Amino acid sequence: MSTLNLTNDELLSTTRAVRKRIDFDRPVSRQLIEECLELALQAPSGSNSQAWQFVVVTDQSKRKQIAEIYAEVFCDYEQSPISAAKIHSKDPSMSDVQSRVMDSAKYLADHLHKIPAFLIPCITGRTDNLSGESANFYHASLYASIIPATWSFMLAARSRGLGSSWTTLHLQREREVAEILGIPYDQVTQIALISIGYTVGTHFKLGARKPLENFLHIDGWKQS
């Protein structure tokens, strides 16, 4: 399939979380999703394990069931201290941006059942019961072996006129979603739910971000 005329920098800087600008009526072909996944498989994984699994959900009934779970979980998230509306509560300069993010997130929760396709990236193994100093190593290794591939998928999707959004709220009821999709919960960890659909328009702006100096540490931790 033809791709958008984007430079590498434009692709990296304009791959947004697309929620409100998804065309609900235009189906996304399995062939196109697989084309993006073929590129995703070129991403690195820990020890070259390639223990990733990708569950594509287009069945309307299953999308509806997952969307109902998601909507219920979103109600709790909306009131939680980690919601987009509250996470920057001590920084008034972020209030307008976060209000828009929260509005967009709620839109996704209200319309998730209409999204043409979901991608649920998974990784073989679980770390639920790990503890101690080594636990961080195992958690980091597990996620580092699937997140790069998933982000590559989202970049490939953007370059082909698709919009996507990374969300993890359904993981609060991961076992229920696993049952809907037949995922062996005790053996496989779900990492995210990626909504997929053609975008309404293809131009996206850079996201609002604080200056790099707020986050940069050179040769050691800089005290704020």
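Reply: Helix α3 (residues 60-79) and helix α4 (residues 95-111) pack at an angle of about 155°, and their axes lie 9 Å apart. This is a predicted model, in which local features need pLDDT of at least 70 and side-chain atom pairs count only at pLDDT 80 or more, while totals for chains, interfaces and linings use all residues. Residues are numbered from 1 along each chain as its sequence is written, and side-chain values use heavy atoms, with hydrogens and water left out.

Some terms come first. Helices (H or I, at least four residues) and strands (E, at least two) are DSSP runs, numbered from the N terminus. Axes are lines fitted to C-alpha atoms, for helices over the stretch in contact, and angles run from 0 to 180 degrees between N-to-C directions. Angles under 35 degrees count as roughly parallel, over 145 as roughly antiparallel, 65 to 115 as roughly perpendicular and the rest as oblique. The helices α3 and α4 are therefore roughly antiparallel to each other.

Where do the two helices meet? On the α3 side the residues are Y70, A71, F74, Y77 and E78, and on the α4 side they are M102, A105, K106, L108 and A109. Contact here means heavy atoms within 4.5 Å.

Take L108, which is found in helix α4. L108 is buried, with a relative accessible area of 2%; buried means under 20%, exposed over 50%, and partly exposed in between (1.4 Å probe, protein chains only). Setting aside neighbours within four places in sequence, L108 is in contact with R19, Y70, I115, S165 and S195. By comparison, the C-alpha atoms of L108 and L181 are separated by 21 Å, and these residues are 73 apart along the chain.

Now for the strands β3 (162-167) and β5 (193-198). Five of the six residues of β3 are buried, so this strand is largely enclosed by the rest of the structure. β3 and β5 pair in the antiparallel sense over six bridges; two strands pair if DSSP finds at least two bridges between them. One of these bridges joins L162 to Y198 in β5.

Both strands also pack against the buried residues of helix α2, as do β1, β2 and α6. In α2 (residues 30-40), the buried residues are L32, I33, C36, L37 and A40. Seen down the axis of α2, they fall within an arc of 140°, so they line one face of the helix; the arc is that of the directions from the helix axis to the C-beta atoms. Q31 and E38, on the other side of α2, are exposed.
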